[in-house]
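This report describes one protein model for a reader who has not seen it before. It starts with a local detail and then widens to the whole chain.

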Amino acid sequence: MSRVTVFQGGRILTGDPSKPQSDTIAVADGRIISVADASVRADDVVDLAGGTLIPGFRDGHIHALWGGTESLDAPVTDAADLDDLIDRVRRFADANPHLDWVVGHGYPCELLPGGVGQAAWLDAVVGDRPVALWASDHHTMWVNSRALALADIDAATPDPPAGQIVRDADGHPAGTLLESAMGLVAAHVPAHGRAEKARGLRIALAQMAAAGIVWGQEAALSPDDVDIYLDAAAAGELTADINIALRVDAERWRQQRGEFIDARARADKADPPPLGRVTVRTVKVFADGVIESGTGALVDPYADDLSSRGILNYSGDELAAAVAAFDEDGFQAHIHAIGDAGIRMALDAVERTASRNGRRDRRAVIAHTQLVHPDDLERFAELGVVANFEPLWACRSPVMTELTEPRLGEQRSAWQYPIATLLRGGAPVSFGSDWPVSSMIPMEGLSVAVTRRTPQGDPPEGWLPHERLTLGEALSAYTRGSAYQGFDEDTGIIAEGALADLCLLGAPVETIPLEELADVPVTGTWLHGTEVHRS
């Protein structure tokens with residue numbers, strides 16, 4: 001007979017409109033067998049200790065493998081200022097003289113004037129080896145002179161398609177590379193090996209479990225990286241279900257179709273793991289870049305550079321052709337689109353795909369959904385496109401005030417992150433983190449979603465306060481909304497028959513001040529009824 005575990009001793013928020021709250025639930029064989037039935041026989045009891053049990057968080061856009069592996073490199077993600085950032089590079093280089101390259105990921109791009117780093121600043125602390133640092137947006141790279149020389153980048157080097165070599169007034173490379181120009185140096189950077197990636201994945205999974213995350217949309221991997229996940233699954237190391245999106249290359253997407261189908265087949269044929277699931281159902285397409293570096297594609301020119309509308313990685317016809325082809329192969333489209341022109345082109349591609357391949361439940365996703373032109377708001381609901389947001393970004397942070405707003409101007413700045421408008425207009429909405437671009441902790445994102453304030457509480461009334469969500473709406477976007485995105489109809493909710501994917505919060509979240517949500521700890525996480533984190 002199956003063992004029955006009863007959860008009681010706190011508030012349970014089910015996410016089920018028909019039965020929104022409960023004092024007890026029972027779980028057996030990985031599923032919820034009863035809600036609010038105190039007479040159920042209990043073999044084990046989990047004391048909620050006055051906390052709040054909710055459906056487990058589901059991250060609709062995360063780079064778990066990248067984030068965990070990048071944590072093995074130079075620690076630049078939380079640098080306080082430019083001097084601190086440069087000093088961290090120096091100290092890492094001094095501590096690792098055996099490394100041929102000094103590599104770091106995730107430095108805060110707002111620390112550099114205008115987002116541009118000079119090679120000379122890095123030369124001053126590491127002159128004997130090449131240095132390559134990726135910004136937190138992962139669309140910008142800062143390098144030293146040795147790295148530029150190894151990549152044969154000089155004043156005569158042309159910008160590659162869909163990329164830019166930032167230059168000084170004399171036309172010489174400054175030391176900052178945007179979008180595809182990063183590949184000129186990245187091709188020379190030693191890749192992490194399989195063992196390092198496996199170690200990085202274990203780091204990421206542990207952090208996800210501690211944050212209450214039970215599912216992740218792994219947002220951009222190669223077919224070879226699928227095997228890192230399959231090995232972890234076979235070893236019983238998964239603490240979350242993972243759906244992998246394979247990264248589409250704008251230059252060779254036609255050749256990738258067979259590779260992607262093969263990778264999906266390897267996942268489908270793998271033996272069922274002891275815990276967790278790995279699927280490969282999605283493709284990741286980059287429509288444009290990011291506004292902070294001036295590469296997000298805009299309908300009208302940038303306010304600080306009237307000669308530029310950003311960078312589109314495809315023509316409209318080519319993007320539509322790629323999305324339709326992978327849709328024909330049975331893959332879900334997950335499209336990075338930041339600027340209003342990028343988002344419009346992504347919506348057009350989904351619409352043209354439906355015309356070409358027929359209407360079906362394809363749940364195409366537009367990831368980040370930062371700047372939506374007012375003329376395109378209703379199209380999300382009309383097309384059934386999932387608007388994936390990283391709610392932590394929806395505030396007037398230093399990135400927003402120092403880089404984004406000056407590039408957009410006042411009117412367009414007010415079009416950003418229209419979460420409530422899309423949700424209440426009938427569009428499917430999911431939440432994610434884009435970790436390691438920003439914190440993976442859902443409670444921090446939820447706090448911004450319901451207040452539209454920075455961690456410092458600014459502005460008191462919230463930035464674009466009409467876009468604030470209720471706590472219930474925000475929780476749903478991070479649970480049921482992302483479950484919908486992932487075609488997971490049997491989870492994201494606490495109801496009889498649903499998978500027992502659960503998260504215990506160490507406070508009664510309905511009654512504490514909204515500004516305190518970010519500090520609420522996760523004290524327990526269960527995947528399919530199995531405890532994967534407890535504190």
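The model is predicted. In the hairpin formed by β2 and β3, two residues lie between the strands, and D29 takes a positive phi near 55 degrees. The two strands, β2 at residues 21–28 and β3 at residues 31–35, run antiparallel and are joined by four bridges. Within this pairing, A26 stands opposite S34 of β3.

Helix α12 spans residues 398–408, and its buried residues are M400, L403, T404, E405, R407 and L408. Among the elements that cover these buried residues of α12 is α13 (410–413).

The largest nonpolar core has 93 residues, of which F57, M208, Y229, I244, F380, F431 and L505 touch the most other members. Leaving aside residues up to four places away in sequence, Y229 touches A64, L65, L201, E218, L221, L238, I242, I244 and V278.

For the whole protein, the secondary structure comes to 16 helices and 21 strands. Its radius of gyration is 23 Å, close to the 24 Å that the globule rule gives for 535 residues, so the protein is as compact as a globular protein of that length. Of contacts between residues at least 6 apart in sequence, 74% join residues at least 24 apart.

Further overall values are listed here.

| Property of the protein | Value |
|---|---|
| Box filled by the C-alpha atoms, along the principal axes | roughly 80 × 55 × 50 Å |
| Share of the 535 residues that count as buried | 58% |
| Accessible surface | about 20500 Å² |
| Share of the accessible surface belonging to carbon and sulfur atoms | 50% |

Key:
Residues are numbered from 1 along each chain as its sequence is written. This is a predicted model: local features need pLDDT of at least 70, side-chain atom pairs count only at pLDDT 80 or more; totals for chains, interfaces and linings use all residues. Side-chain values use heavy atoms; hydrogens and water are left out. Two strands pair if DSSP finds at least two bridges between them. A nonpolar core is a set of buried Ala, Val, Leu, Ile, Met, Phe, Trp, Tyr and Cys residues joined through side-chain atoms within 4.5 Å. Buried means under 20% relative accessible area, exposed over 50%, partly exposed in between (1.4 Å probe, protein chains only). Contact means heavy atoms within 4.5 Å. The radius of gyration is taken over C-alpha atoms; the globule rule is 2.2 Å times the number of residues to the power 0.38. Accessible areas come from the Shrake-Rupley method with a 1.4 Å probe; for residues, only the protein chains shown count as cover.
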